[in-house]
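Welcome! Please take a look at the structure first.

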Amino acid sequence: MATAAVVSAAACVAAWRAVPWQGRQTALVMAAAMLATAATHGDAMVGLILGVVLLVSAMLGTLGVRGTASAATCCHRALVSLVMAICSFESLSAGPAVGETAGHHGHGLSGVLSALVIVGVIGVVLWTVVAEWIVGPAHRGRAARLLAIESWAMAGGVAVMCLGL
């Protein structure tokens, strides 16, 4: 999870001009949230704070991008941020299992939040597949490769974080 966070943030920053400030802040906040989750082993209070920060970041991540070439990737980042926020909020009701991969105790996969996490992770992965393989990248060359790396790292990181794979 920490590796995915670092790779995603680094790829986003490396593609600097191809990503508007809204997308960069979302990518960097998500990376910081993944690292904080891994470092705190899913502490409930940290989960609450990270959930709120991720929600605000997701809202800022789509501010003013409608109609631009980067709108789809900014919305993709915002969706990942929302799924991570739901996962963080779920840690409040499920205990300290969020972010644990070794000796994972599970989320108690019952309830609305658990269903939303699963649907969200599936949605993020499907969006990544469709955007990268079916629709194709909005950018060309180096920027397209960096944004593809970022997209796959985000999808992998959120899957590991939320499903505890």
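Helix α2 passes helix α6 in a left-handed crossing, meaning that the near helix is turned anticlockwise from the far one by less than a right angle. This is a predicted model, where local features need pLDDT of at least 70, side-chain atom pairs count only at pLDDT 80 or more, and totals for chains, interfaces and linings use all residues. Residues are numbered from 1 along each chain as its sequence is written, and side-chain values use heavy atoms, leaving out hydrogens and water.

**α2 with α6**
- Residues 21–40 form α2 and residues 141–163 form α6; the two pack at about 35 degrees, with axes 11 Å apart.
- On the α2 side the contact (heavy atoms within 4.5 Å) is made by A27, M30, M34 and T37, and on the α6 side by E150, M154, G157, V158 and M161.
- These contact residues divide into six nonpolar, two polar and one charged; Gly is counted among the polar ones.

**α1 with α2**
- The axes of α1 (residues 2–14) and α2 come within 8 Å and cross at roughly 160 degrees.
- The pair is therefore roughly antiparallel, a label for angles over 145 degrees.
- α1 also passes α2 in a left-handed crossing.
- A2, A5, V6, A9, C12 and V13 of α1 meet G23, R24, A27, L28, A31, M34 and L35 of α2.
- By class, that contact has 11 nonpolar, one polar and one charged residues.

**A charge over a ring**
- The charged end of R24 sits over the ring of W16, 3.9 Å from its centre; the rule asks for NZ of Lys or CZ of Arg within 6 Å of the ring centre and within 35 degrees of the ring normal.

Conventions
Axes fitted to C-alpha atoms, helices over the stretch in contact; angles between N-to-C directions. Helix = DSSP H or I, 4+ residues; strand = E, 2+ residues; numbered from the N terminus. Parallel < 35°, antiparallel > 145°, perpendicular 65-115°, else oblique.
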